[in-house]
Amino acid sequence: MILGVVGAGTMGAGIAQLGCAAGLRTLLHDPLPDALETGEQRVRDGLARWVEKGRADASAADLLELAPQLDDLAPCELVIEAAPERAEIKRELFERLSAACGPDAVLATNTSSIPVTSLAGAAARPENVVGMHFFNPPPLMQLLEVIRADQTGDRALALAREAGEAMGKRVIVATDGPGFLVNRCGRPFYGESLRLLQERLATHEQIDRICRMGGGFRMGPFELMDLVGIDVGFAVAQSFDELSFGEPRWKPSPIQARMVAAGRLGRKTGRGYYDYSGEGAHRPDDPEPPQPGGGDGTLVTVVGEGPVADGLRERARAAGYELRDGGAAELVVDARANPTASVPSGAPVLALCAASSLAARGEPGAVGFHLLPPLAESKLVELTRAPGTQAFAAEAAEGFFARLGFHAEWVDDAPGLVLGRVVCQLVNEAWFAVGEGVGSEDDVDAGLVLGLAHPRGPFEWGGAIGLDHVVAVLDGLWSERHEERFRVAPALRRATFANALS
Ligand SMILES: NC(=O)c1ccc[n+]([C@@H]2O[C@H](COP(=O)([O-])OP(=O)(O)OC[C@H]3O[C@@H](n4cnc5c(N)ncnc54)[C@H](O)[C@@H]3O)[C@@H](O)[C@H]2O)c1
């Protein structure tokens with residue numbers, strides 16, 4: 001296969017490096033001679049590093065050819081454009097490439113947000129147009145998202161997949177739509193976190209820490225938004241809103257708009273959600289969770305079934321607690337996602353806030369908590385109190401979870417609290433996407449792990465949490481807020497009905 005790459009910037013140079021390393025004759029074009037020269041150097045430097053590491057053949061660099069004119073790409077069987085993210089530039093390129101290349105040439109776009117369907121219309125043979133969304137930096141990121149536009153033919157799709165696999169990528173296939181598959185399914189990480197901040201359920205530092213320590217994310221949503229650029233994130237949110245005609249789950253946040261108006265764009269301006277102006281780190285390191293132990297045979301009852309209750313029992317036992325099924329206990333942990341009635345107890349009660357907030361549970365004196373399976377990997381529990389929460393119950397909650405090895409973070413009161421809400425919305429979005437035919441479950445999971453560095457994919461996570469728990473949180477949010485953004489995806493609802501019957 002002869003590969004053409006248009007645009008020799010960050011992405012184009014990386015894609016050309018991948019082409020050469022895959023053994024493809026690779027023609028690199030850029031209309032700006034300086035950009036072409038810089039791009040060529042990047043490809044050669046990248047290949048030289050790979051040759052040293054044994055990841056590319058010493059002859060790979062011989063496969064690179066410069067194409068100063070677009071017409072020089074005439075012999076290419078596949079052309080990938082990585083020109084600036086402007087629809088009119090890309091449409092003009094497809095028109096000109098249709099004339100320059102042979103009738104069978106497949107024309108691919110690396111756009112990250114422009115509907116491929118709208119670009120394909122500019123080509124003479126729209127069935128030959130396909131999206132090939134590489135992630136930055138292309139040589140290192142393992143994922144390639146191939147996008148099928150409404151017009152894309154099977155041959156173009158197969159060729160894009162073949163090229164991606166030859167480049168050593170895990171190829172996933174998405175149908176065209178806002179954010180394709182990966183960015184769409186990853187949206188709630190930002191959108192729900194912004195909403196939590198707007199509701200003042202927790203501070204941005206807390207939300208980030210909770211996502212890192214409780215969920216295993218490498219970075220929290222706010223530090224990531226600072227890294228990407230708050231203006232960039234805001235533009236993406238506006239494009240989702242526009243392309244979906246106002247889907248409530250994808251509404252841009254007024255917080256983003258204010259940050260942009262204030263010129264607080266993140267790292268690049270020295271100020272975003274965090275302050276980067278000083279010498280030191282923008283945030284403190286995460287605390288080490290306490291060493292488990294010290295239960296000393298204290299009697300505790302954990303009520304409920306499922307991963308949260310089972311995980312807590314396991315950790316309580318390991319910490320030296322004695323577990324009681326009934327009778328007197330010094331502490332009652334009600335870990336039911338869908339409690340039917342409160343547990344009568346003279347002892348302090350810790351109540352899982354999944355299907356409702358603590359306030360709505362009507363459990364006077366209790367402390368609310370939420371944590372997310374898999375519990376064996378979690379280092380953090382979220383606690384909440386209502387006006388009636390007793391001080392001794394709050395102390396008991398802190399003590400109990402510390403002995404189980406959890407760092408405790410006090411947040412405000414809502415179903416699923418912080419992490420549960422973010423992750424349940426990730427799971428929900430994934431079910432919406434698959435239900436709407438955007439991609440397969442396996443591709444969604446691979447996409448979020450390899451493309452966005454999530455600790456696990458939303459389907460794997462949904463399975464670990466239990467879909468009844470996920471739906472309990474979403475329904476709890478819906479019934480307490482009556483906002484469409486919390487509606488459960490139809491396919492997810494059907495799956496929980498099916499689970500209940502089996
Ligand atoms: N940078 C990322 O993180 C990232 C990730 C995924 C996808 N993308 C997409 O990849 C594409 C390129 O992004 P980038 O970050 O490499 O941009 P870039 O600015 O680094 O490179 C763009 C290159 O295109 C050249 N160019 C300008 N006008 C052109 C034209 N008319 N025809 C051909 N080339 C032209 C420029 O000289 C430049 O070398 C965009 O569509 C972007 O959305 C970027």
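Ala, Val, Leu, Ile, Met, Phe, Trp, Tyr, Cys and Pro are counted as nonpolar, Asp, Glu, Lys and Arg as charged, and the others, Gly among them, as polar. By these classes, the lining of the largest pocket has 19 nonpolar, 17 polar and four charged residues. The model is predicted: local features need pLDDT of at least 70 and side-chain atom pairs count only at pLDDT 80 or more, while totals for chains, interfaces and linings use all residues. Residues are numbered from 1 along each chain as its sequence is written, and side-chain values use heavy atoms, with hydrogens and water left out.

Pockets and cavities were both found on a 1 Å grid over the protein atoms alone. A cavity is a set of points where a 1.4 Å probe fits but cannot get out. A pocket is an open set with protein on both sides within 12 Å along at least five of seven lines. Lining residues have an atom within 4 Å of a point. Grid points are joined across faces, edges and corners, and a volume is the space filled by probe spheres set on the points.

The largest pocket has a volume of about 1,400 Å³. Its lining comprises 40 residues. F135, N136, N183, V228 and L452 lie nearest the pocket centre. Helices (H or I, at least four residues) and strands (E, at least two) are DSSP runs, numbered from the N terminus. At least two lining residues each come from α1 (10-21), β6 (129-134), α6 (182-198), α8 (221-228), α9 (230-243) and α15 (441-452).

The ligand sits in this largest pocket, a placement that requires more than half of its atoms to lie within 2 Å of the grid points. Elements giving two or more residues to the shell around the ligand are α1, α3 (87-100) and β6. The largest share, three residues, comes from α3. The shell holds 23 residues, each with a heavy atom within 4 Å of the ligand. M11, D30, E85, K90 and N110 come nearest. Twelve residues of the shell are nonpolar, eight polar and three charged.

Polar contacts (pairs of N or O atoms within 3.5 Å; within protein, one must be able to donate a hydrogen and the other to accept it, and residues adjacent in sequence count only if both atoms are side-chain atoms) were also examined. A polar side-chain atom of N110 lies 2.9 Å from a ligand oxygen atom. For A83, a backbone N or O atom lies 3.3 Å from an oxygen atom of the ligand. S112 places a polar side-chain atom 2.9 Å from an oxygen atom of the ligand. On its own, the ligand has 830 Å² of accessible area, of which the protein covers 73%. Accessible areas come from the Shrake-Rupley method with a 1.4 Å probe; for residues, only the protein chains shown count as cover.

The structure also holds two cavities of 30 Å³ or more. The largest cavity has a volume of about 50 Å³. L97, S98, C101, G102, A105, L107, A123, R125, N128 and V129 line this cavity. Six of these residues are nonpolar, three polar and one charged.

The second largest cavity has a volume of about 40 Å³. Its lining consists of V423, L426, V427, L448, H454, R456, G457, P458 and W461. Both α14 (419-435) and α16 (458-465) supply at least two of the lining residues. The largest share, three residues, comes from α14. By class, six residues of this lining are nonpolar, two polar and one charged.

N136 and P137 are joined by a cis peptide bond, with omega about -5°. P137 is placed in the loop between β6 and β7 (143-148). N136 is also among the residues nearest the centre of the largest pocket. A cis peptide bond likewise joins P373 and P374, with omega about 0°. The loop between β13 (367-370) and β14 (380-385) contains P374. R200 is not a glycine, yet has a positive phi of about 55°. This residue, R200, lies in the loop between α6 and α7 (204-215).
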